[in-house]
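Thanks for coming, everyone. Let me put the model on the screen and walk you through it.

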Amino acid sequence: MERRRNPLTGALAAGFTIVFLRVSRWLPLGFNRALAVPVGRALARLVPRVRKVAMANLDLAYGDSISREEKERIYRGVLDNISLLAAEFSRIDLIAGAKADQVVEVQGADFLQKGQGYVCVGAHLGNWELMGPAMAAHGFKVAAVVREFDHPRVNRLIDGIRRSGKVTTIPKDNGGKEIVRQLREGSLVGILIDQSPRENGVPVTFFGAPCWATVAPAMIAVRARMPVVPVALTRKAGGGYVLRFYEPLSMIRTGNLREDLVNYSQACQDALECMVRENPEQWLWLHRRWKARPQLAAEWDRKPIHDRKEPA
């Protein structure tokens, strides 16, 4: 059962978000970044559950392969990264603007063919909100699949900021037709697929542990016959960012839709795991990625795709 949100809490959170984004847009970016890290760490101490979830996830993913001290270092890095992202979000169009070549280093663009649509799968890694604007600033046509916010004013404000980076936003609910249209028009369509879905899930493993992943990119790859490319935008140690396109995933169609969805989804998750292992302190370990989803298991067993055959 979903927890019912308190209307007053929701209104206060919405008001704070609106004020924060407008003020941070007005303040110098350097000031925002300098203030973000200590404030973010202080706020995290007020909510002990944040650290508890992160450390539990790190224990599950790494076990005894890394020390407790290393896990603590990763956790602090996660807090710093999220704080910096919040400080930068209202300015993403400026960061990825006229000086994009100086701010964002692009790697792997040779994997892409001009005019070809690609399903770009990514994670809540580095500054994921800057990923679309950075691709657009480097000459790509970009669309991003997004989850809309419940509060209308907050949703309009955040959507406007995202679109200011020359990115077309596609609400994830009922966005299938628009996604396919954008792909056929040569867009890079970005989908973040590293969180535990509440619906339309497919069973996978991540860091060797069972969990659920959204079926969306695999379904699009199968039905629209579009290539899937992992993409990440991470922070460089000395400042600036790296936008990296990985090699398109090799996906062999077996003709069995159920088998293909599992295989394709697992390939996507394996690619994300490689990204996270390269920069673990920049991934959102605060999310309950391996949460049990009994309803998804039941739905998966009932899906009418068990024996459906697709043209190979």
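Which residue forms a salt bridge with Asp159? Arg163 does, with the closest N and O atoms 3.0 Å apart. By salt bridge I mean a side-chain nitrogen of Lys or Arg within 4 Å of a carboxyl oxygen of Asp or Glu.

Ground rules, quickly. This is a predicted model, where local features need pLDDT of at least 70 and side-chain atom pairs count only at pLDDT 80 or more, while totals for chains, interfaces and linings use all residues. Residues are numbered from 1 along each chain as its sequence is written, and side-chain values use heavy atoms, with hydrogens and water left out.

Back to that pair. Arg163 and Asp159 sit four residues apart in helix H8 (residues 152-164), so about one helical turn separates them. Helices here are DSSP runs of H or I with at least four residues, strands are runs of E with at least two, and both are numbered from the N terminus. Arg163 is partly exposed at 42% relative accessibility. Asp159 is partly exposed too, at 22%. The cut-offs: buried is under 20% relative accessible area, exposed is over 50%, and partly exposed is in between, with a 1.4 Å probe and protein chains only.

Now the other salt bridges. A search of the whole structure finds 16. Take Arg33 and Glu88: their side chains meet at 3.0 Å, N to O. Arg33 is in helix H2 and Glu88 in helix H4 (residues 68-89), so this pair ties together parts that are 55 residues apart in sequence. Arg33 is partly exposed, at 29%. Glu88 counts as buried, at 1%.

Next, Lys71 and Asp59. Their salt bridge is 2.7 Å, N to O. It links Lys71 in helix H4 with Asp59 in helix H3, 12 residues apart. Here Lys71 is buried, with a relative accessible area of 5%. Asp59 is partly exposed, at 30%.

There is also a network of salt bridges. Lys141, Glu178, Arg181 and Glu185 are linked in it.

On to the rings. How many aromatic pairs are there? The count comes to 11. The rule: rings of Phe, Tyr and Trp (its six-membered ring) pair if their centres lie within 6.5 Å, with planes under 30 degrees apart called stacked, over 60 edge-to-face, and the rest tilted.

Phe140 and Phe245 make a tilted pair, 5.5 Å centre to centre, with 55 degrees between the planes. This pair links distant parts of the chain: Phe140 in the loop between helix H7 (128-137) and strand S3 (142-146), and Phe245 in strand S9 (residues 241-245), 105 residues apart. Both Phe140 and Phe245 are buried.

Phe206 and Phe207 are edge-to-face, at 5.1 Å centre to centre and 80 degrees between the planes.

Phe207 is buried, with a relative accessible area of 7%. Its phi is positive, near 55 degrees. For context, most residues other than glycine have a negative phi.

Lys166 also has a positive phi, about 65 degrees, although it is not a glycine. Where is Lys166? In the loop between H8 and strand S4 (168-171). Lys166 is exposed, at 69%.

Last topic: the surface. Patches are built from residues with over 30% relative accessible area and no salt bridge, joining like charges within 9 Å and nonpolar side chains (Val, Leu, Ile, Met, Phe, Trp, Tyr) within 5 Å. Areas come from the Shrake-Rupley method with a 1.4 Å probe, and for residues only the protein chains shown count as cover.

The nonpolar patch is about 570 Å². Phe31, Leu35, Val39, Leu43, Leu46 and Val47 make it. Val47 lies in the loop between helix H2 (29-45) and helix H3 (48-62). Val47 is partly exposed, at 43%.

The positive patch gathers Arg49, Lys52, Arg288 and Lys291. Lys and Arg count as positive, Asp and Glu as negative, and His and the chain ends are not counted. Each charge is placed at NZ of Lys, CZ of Arg, CG of Asp or CD of Glu. Arg288 is in the loop between helix H11 (257-278) and helix H12 (294-302). Arg288 counts as partly exposed, at 43% relative accessibility.
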